[in-house]
Amino acid sequence: MSRDQDLHRFIDALDKAIFQRLTPGSAEHDLARKIFDALKIPGEPGQQVDQEPLPAHQYLHKALETARSGPADLAAVADAFEALAPRLNWYRRKGSESAGPVFAEGHANTIIIGTEGLERRSDLQIGVSLLAPHIQYVDHHHPPPEVYLVLSPGAWRQEQGPWHEPGLGGIVYNTPDIVHAMKSGDHPLFAVWCLDWACCIERR
Ligand SMILES: [Fe+2]
(Lines give C-alpha, C1' and ligand atoms only; values in the text may rest on other atoms or scores of the structure.)
Protein backbone atom coordinates (compact mmCIF):
# COMPACT_ATOMS: atom_id res chain seq x y z
CA MET A 1 0.00 0.00 0.00
CA SER A 2 1.37 3.44 -0.84
CA ARG A 3 0.41 6.89 0.33
CA ASP A 4 -0.33 9.78 -1.98
CA GLN A 5 1.99 12.74 -2.06
CA ASP A 6 -0.33 15.26 -0.38
CA LEU A 7 -1.00 12.98 2.57
CA HIS A 8 2.65 12.10 2.84
CA ARG A 9 3.50 15.81 2.92
CA PHE A 10 0.94 16.48 5.67
CA ILE A 11 2.19 13.63 7.87
CA ASP A 12 5.76 14.72 7.37
CA ALA A 13 5.00 18.36 8.28
CA LEU A 14 2.95 17.30 11.32
CA ASP A 15 5.68 14.94 12.49
CA LYS A 16 8.29 17.72 12.32
CA ALA A 17 6.09 20.32 14.04
CA ILE A 18 5.03 18.01 16.87
CA PHE A 19 8.45 16.58 17.69
CA GLN A 20 9.97 20.07 17.59
CA ARG A 21 7.72 20.85 20.57
CA LEU A 22 7.88 17.68 22.66
CA THR A 23 10.39 16.80 25.32
CA PRO A 24 11.97 13.35 24.86
CA GLY A 25 10.98 11.06 27.70
CA SER A 26 7.64 12.79 28.33
CA ALA A 27 4.39 10.81 28.10
CA GLU A 28 3.21 12.93 25.18
CA HIS A 29 6.49 12.34 23.34
CA ASP A 30 6.13 8.56 23.82
CA LEU A 31 2.55 8.71 22.58
CA ALA A 32 3.45 10.72 19.49
CA ARG A 33 6.41 8.39 18.82
CA LYS A 34 4.10 5.38 18.87
CA ILE A 35 1.63 7.05 16.49
CA PHE A 36 4.23 8.29 14.02
CA ASP A 37 6.09 4.97 14.08
CA ALA A 38 2.81 3.21 13.20
CA LEU A 39 2.30 5.70 10.35
CA LYS A 40 5.42 4.40 8.62
CA ILE A 41 3.13 1.67 7.30
CA PRO A 42 0.32 3.26 5.25
CA GLY A 43 -3.32 2.16 5.60
CA GLU A 44 -5.98 1.68 2.93
CA PRO A 45 -7.06 4.70 0.83
CA GLY A 46 -10.47 6.04 1.93
CA GLN A 47 -13.40 7.39 -0.07
CA GLN A 48 -14.84 10.88 -0.11
CA VAL A 49 -18.57 11.03 0.56
CA ASP A 50 -21.01 13.60 -0.84
CA GLN A 51 -21.71 16.20 1.78
CA GLU A 52 -23.08 19.67 2.32
CA PRO A 53 -20.42 22.13 3.46
CA LEU A 54 -20.77 22.84 7.19
CA PRO A 55 -21.30 26.49 8.22
CA ALA A 56 -18.12 26.55 10.36
CA HIS A 57 -16.14 25.75 7.23
CA GLN A 58 -16.26 29.46 6.29
CA TYR A 59 -13.61 30.03 8.99
CA LEU A 60 -11.06 27.64 7.53
CA HIS A 61 -9.34 30.24 5.38
CA LYS A 62 -8.86 32.61 8.32
CA ALA A 63 -7.68 29.74 10.54
CA LEU A 64 -5.09 28.71 7.98
CA GLU A 65 -3.90 32.30 7.63
CA THR A 66 -3.39 32.49 11.38
CA ALA A 67 -1.45 29.21 11.42
CA ARG A 68 0.74 30.55 8.62
CA SER A 69 1.54 33.63 10.67
CA GLY A 70 3.47 31.38 13.08
CA PRO A 71 6.83 29.63 12.68
CA ALA A 72 7.69 28.05 9.32
CA ASP A 73 7.02 24.50 10.55
CA LEU A 74 3.43 25.42 11.49
CA ALA A 75 2.97 27.17 8.15
CA ALA A 76 4.08 23.92 6.50
CA VAL A 77 1.35 22.01 8.38
CA ALA A 78 -1.23 24.62 7.31
CA ASP A 79 -0.11 24.47 3.66
CA ALA A 80 -0.17 20.67 3.62
CA PHE A 81 -3.60 20.62 5.26
CA GLU A 82 -4.98 23.10 2.74
CA ALA A 83 -3.90 20.82 -0.10
CA LEU A 84 -5.83 17.93 1.50
CA ALA A 85 -8.89 19.92 2.58
CA PRO A 86 -11.01 19.55 -0.58
CA ARG A 87 -10.78 15.76 -0.30
CA LEU A 88 -11.75 15.48 3.37
CA ASN A 89 -15.07 14.44 4.86
CA TRP A 90 -16.20 17.05 7.40
CA TYR A 91 -18.70 16.19 10.08
CA ARG A 92 -20.38 17.47 13.20
CA ARG A 93 -19.73 15.69 16.44
CA LYS A 94 -22.28 12.89 16.90
CA GLY A 95 -25.13 14.09 19.09
CA SER A 96 -24.03 17.72 18.77
CA GLU A 97 -27.66 18.80 18.13
CA SER A 98 -28.37 18.20 21.80
CA ALA A 99 -25.81 20.89 22.66
CA GLY A 100 -27.96 23.43 20.78
CA PRO A 101 -27.82 25.04 17.34
CA VAL A 102 -24.98 27.43 18.18
CA PHE A 103 -22.58 24.56 18.80
CA ALA A 104 -23.95 22.46 15.94
CA GLU A 105 -23.44 25.33 13.47
CA GLY A 106 -20.21 26.52 15.03
CA HIS A 107 -17.92 23.54 14.71
CA ALA A 108 -16.60 21.15 12.08
CA ASN A 109 -14.38 18.11 12.47
CA THR A 110 -12.61 15.99 9.92
CA ILE A 111 -10.68 12.75 10.19
CA ILE A 112 -7.63 12.67 7.95
CA ILE A 113 -6.41 9.25 9.03
CA GLY A 114 -8.67 6.78 10.83
CA THR A 115 -11.65 4.53 10.23
CA GLU A 116 -13.45 7.25 8.22
CA GLY A 117 -10.39 9.08 6.98
CA LEU A 118 -8.64 9.75 3.73
CA GLU A 119 -6.46 6.86 4.88
CA ARG A 120 -8.43 4.10 6.60
CA ARG A 121 -7.06 2.36 9.65
CA SER A 122 -8.29 1.53 13.13
CA ASP A 123 -5.06 1.74 15.13
CA LEU A 124 -4.85 5.53 15.21
CA GLN A 125 -6.71 8.68 14.32
CA ILE A 126 -5.46 12.03 13.10
CA GLY A 127 -8.02 14.75 12.58
CA VAL A 128 -8.76 18.42 12.86
CA SER A 129 -11.30 20.50 14.73
CA LEU A 130 -12.36 23.93 13.55
CA LEU A 131 -14.46 26.19 15.76
CA ALA A 132 -16.11 29.45 14.73
CA PRO A 133 -15.36 32.38 17.07
CA HIS A 134 -16.99 32.22 20.52
CA ILE A 135 -17.82 28.52 20.48
CA GLN A 136 -17.19 26.10 23.30
CA TYR A 137 -16.69 22.48 22.27
CA VAL A 138 -18.64 20.10 24.47
CA ASP A 139 -16.89 18.27 27.29
CA HIS A 140 -15.88 14.88 25.95
CA HIS A 141 -13.62 11.95 26.69
CA HIS A 142 -12.35 8.87 24.88
CA PRO A 143 -10.33 5.78 25.81
CA PRO A 144 -7.16 6.59 23.82
CA PRO A 145 -4.64 9.17 24.96
CA GLU A 146 -4.39 12.20 22.69
CA VAL A 147 -1.96 14.89 21.61
CA TYR A 148 -3.20 18.13 20.04
CA LEU A 149 -1.07 20.48 18.00
CA VAL A 150 -2.74 23.87 18.45
CA LEU A 151 -2.67 26.08 15.35
CA SER A 152 -4.65 29.09 16.56
CA PRO A 153 -5.55 31.07 19.65
CA GLY A 154 -8.06 29.32 21.90
CA ALA A 155 -8.39 27.80 25.36
CA TRP A 156 -8.34 24.21 26.63
CA ARG A 157 -9.57 22.66 29.85
CA GLN A 158 -9.23 19.24 31.49
CA GLU A 159 -11.81 17.99 33.99
CA GLN A 160 -12.96 21.05 35.94
CA GLY A 161 -9.49 22.63 35.89
CA PRO A 162 -8.84 26.20 34.77
CA TRP A 163 -8.94 27.14 31.09
CA HIS A 164 -5.48 27.66 29.65
CA GLU A 165 -4.23 29.01 26.33
CA PRO A 166 -1.58 26.79 24.75
CA GLY A 167 -1.06 29.42 22.02
CA LEU A 168 -0.08 28.95 18.39
CA GLY A 169 2.12 25.85 18.28
CA GLY A 170 1.08 24.73 21.76
CA ILE A 171 0.71 21.06 22.66
CA VAL A 172 -2.17 19.64 24.68
CA TYR A 173 -1.87 16.13 26.09
CA ASN A 174 -4.94 14.22 27.27
CA THR A 175 -4.55 11.04 29.29
CA PRO A 176 -7.00 8.16 28.58
CA ASP A 177 -10.62 9.05 29.29
CA ILE A 178 -9.90 12.43 30.85
CA VAL A 179 -12.78 14.87 30.29
CA HIS A 180 -11.67 17.80 28.17
CA ALA A 181 -13.01 20.70 26.15
CA MET A 182 -11.80 23.69 24.16
CA LYS A 183 -13.23 27.06 23.27
CA SER A 184 -12.55 29.85 20.84
CA GLY A 185 -12.43 33.57 21.57
CA ASP A 186 -12.54 36.26 18.90
CA HIS A 187 -10.63 34.05 16.43
CA PRO A 188 -11.53 30.65 15.00
CA LEU A 189 -9.94 27.74 16.84
CA PHE A 190 -8.02 25.26 14.72
CA ALA A 191 -6.13 22.24 16.04
CA VAL A 192 -4.87 18.85 14.88
CA TRP A 193 -5.47 15.88 17.17
CA CYS A 194 -3.71 12.53 17.20
CA LEU A 195 -5.16 9.55 19.07
CA ASP A 196 -3.59 6.18 19.73
CA TRP A 197 -6.44 3.70 19.29
CA ALA A 198 -4.07 0.72 19.21
CA CYS A 199 -4.20 0.66 23.01
CA CYS A 200 -7.96 0.19 23.14
CA ILE A 201 -9.36 -1.08 19.84
CA GLU A 202 -11.52 -3.60 21.70
CA ARG A 203 -13.24 -0.67 23.45
CA ARG A 204 -14.40 1.03 20.23
FE1 LIG B 1 -10.40 14.75 22.35
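1. Start with strand S5 (residues 124-131), which runs antiparallel to S10 and is joined to it by 8 bridges. Strands here are DSSP runs (E, at least two residues), numbered from the N terminus, and two of them pair if DSSP finds at least two bridges between them. Within this pairing, Ser129 sits opposite Ala191 of S10.

2. A word on what you're looking at: this is a predicted model, where local features need pLDDT of at least 70, side-chain atom pairs count only at pLDDT 80 or more, and totals for chains, interfaces and linings use all residues. Residues are numbered from 1 along each chain as its sequence is written, and side-chain values use heavy atoms, leaving out hydrogens and water.

3. S10 also pairs with strand S6 (residues 146-150), again antiparallel, over 5 bridges. Here Val150 is the residue facing Ala191.

4. How many residues of S10 (residues 189-196) are buried? It's 8 of the 8, so the strand is largely enclosed by the rest of the structure. Buried means under 20% relative accessible area, exposed over 50%, partly exposed in between (1.4 Å probe, protein chains only). One side carries Leu189, Ala191, Trp193 and Leu195, the other Phe190, Val192, Cys194 and Asp196.

5. Now the iron ion: its protein donors come from His140, His142, Glu146 and His180, at 2.2 to 2.7 Å. Donors are N, O and S atoms within 2.8 Å of the metal (3.2 Å for Na, K and Ca); water is not among the atoms, so sites may look incomplete. Both His140 and Glu146 are buried.

6. Worth a look: Glu159, in the loop between S7 and S8, has a positive phi near 50°.

Methods
Helix = DSSP H or I, 4+ residues; strand = E, 2+ residues; numbered from the N terminus.
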